[in-house]
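Thanks for coming, everyone. I have one model to show today. Please look at it on the screen while I talk.

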Amino acid sequence: MINPAYKKKMVVVEGSYAVAHAAKVCRPNVISAYPITPQTHIVEDLSQFIADGEIPNCEYINVEAEFSAISALIGASAVGARTYSATTSQGLLLMHEALFNTSGMRLPVVMTVANRAISAPINIWNDHQDAIAQRDTGWIQLYVEDVQEACDTLPQLYKIAEDNEIMVPGMVCMDGFILSHVYEPVVLLEQELTDNFLPPFQPNDILDPEDPKTFGAFAAPDTYEEFRYLHEQAMQKALPKIEAVAKEFEEIFGRYHGGLIDGYMLDDAEIIIMSMGSILGTVKDVVDEYRAKGEKIGVLKVRSFRPFPKEQICEAVKNAHAVVVLDKNISIGTNEGALFTETKSCLYNSKVRVPVIGYTIGHGGRDIRVESIAKVIEETKKVAKSGITVESQFLDLKEELL
C-alpha cells in the first residue's frame, strides 16, 4: 500500500534497477555476486554504482561462481561488514552448503533471490522452487508481491537480521522476470529516510586480532544441539521483529506491505486464497470481480515463509468456510507445495477446523490466468459445502503432453 502523498515521487524504472538502488542506499560495505539470469541486471547496476563512486566505503568482489560469492561475504560479515548479494536458481543451489555456514555462524548476510525454476529440464522462468529448496538452511525468507515491496523489504530485512538478539541471514524473494525485468512506477528509497530507519551495523561479536574469537568452531555431541536450539530461538524472536519493523517502516516512509502476513478483503471472507509473491496481484483482481457479485472471497498473503507465522495464519483463517493454498513449487513425493504443507501443519493441533486444499501452479513460468484462479475458487466453494475430495493437485495440466 502506497500513501498517496508519495505518488508524486514515483519514477518508472526496471525492477532490477530499483532493487539495486535500494541495496545502494542501505550502505553495504561489501557486495559479492556472480551474474545469472534473471538476477544479472541487479548486480550490473550495483557494479556501476560502485564504479561511479555512488556507494562510499563499499567493495565489490568479483568471483568465479556463487559458492565463492557467499563465501566471500561470510568472511566480510564475520569482521563486521554489512554485506549484500543477489542470485537465483542454480546459483542459489550452488551456495547451498555455505548457506548453512552463514546461518550457523549467525552472520546477517542479506541477499535478493530473483526466483527461478531449477533444472532439469533447463528453464529460466519463474517459480519458487529455488528458494523453497533452501527452507531448512536457517535463513529468513520474505516473499514480495511487487517491485515496490522488493525495494522496501531490503532495509527492513537488514534491520531484522542485524538485531543482536537475532543475527541470522535473510533472503528477499522476488519473482524473476515478472518483477526483476518489469518497468513500473516505484518510489526509490530516499537516502536520508533510509539512514534514519536503518542504523549502521554494530555486531556484538566480530573477528578481531585485538580481541580473538572463534566462529564456526567444532561442536561435539554434548554442545551441538544447543547451537540448533539457539538458532531456532533467534528465528522465533524474528517473528515479532518482522511485524514491528514493517510498522516502523510505514511510519517513516508511508508505505506498508504487511508484516508476517497481510490480508485483502479478509475480515468477512468465507473462502480464502493463500499464496506468496507476484501472483497475489492477479488473485486480488479476481477477488474484486467476485466481491462485485456479492461473494465473500478474500486473500491471505504470506510474506514471511521463514520464520513461519503459525499463530497469525490460524487467526486469519479461523472463520473461513474453506481455504485454498496456491504454491509455485512442489515437494516431489508428497504431491504438495511447501506453503500448503506448512499451513496444514500449523492448523493440525489448533482449535481451527477449516478444510484446506492446495494447488501447485505456475511451474517454470507458466502463465496463471484469471480463468484458472476463478476455477480454483469454484472448486474451493464446493469443498466448503461438501468437503475435500482431492487434497492437492497440479493446476492446468496439459493432458495431451502426458
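The residues lining the largest pocket divide into 23 nonpolar, 13 polar and 11 charged. Nonpolar here means Ala, Val, Leu, Ile, Met, Phe, Trp, Tyr, Cys and Pro; charged means Asp, Glu, Lys and Arg; the others, Gly among them, count as polar. This is a predicted model, where local features need pLDDT of at least 70, side-chain atom pairs count only at pLDDT 80 or more, and totals for chains, interfaces and linings use all residues. Residues are numbered from 1 along each chain as its sequence is written, and side-chain values use heavy atoms, with hydrogens and water left out.

The volume of that pocket is about 1,300 Å³. A pocket is an open set of points on a 1 Å grid over the protein atoms alone, where a 1.4 Å probe fits, with protein on both sides within 12 Å along at least five of seven lines; lining residues have an atom within 4 Å of a point. Volume is the space filled by probe spheres set on the points.

Which residues are closest to the pocket centre? They are Ser103, Gly104, Arg106, Phe227 and His231, out of 47 lining residues. Helices H3, H5, H9 and H11 each give two or more residues to the lining. H9 supplies the largest share, 11 residues.

Now the fold. The chain has 13 helices and 15 strands. These are DSSP runs, at least four residues of H or I for helices and at least two of E for strands, numbered from the N terminus.

Two strands pair if DSSP finds at least two bridges between them. S14 and S15 run parallel over 3 bridges. Gly358 has Ser392 of S15 as its bridge partner.

S4 and S5 run parallel, joined by 4 bridges. Ser85 stands opposite Met111 in S5.
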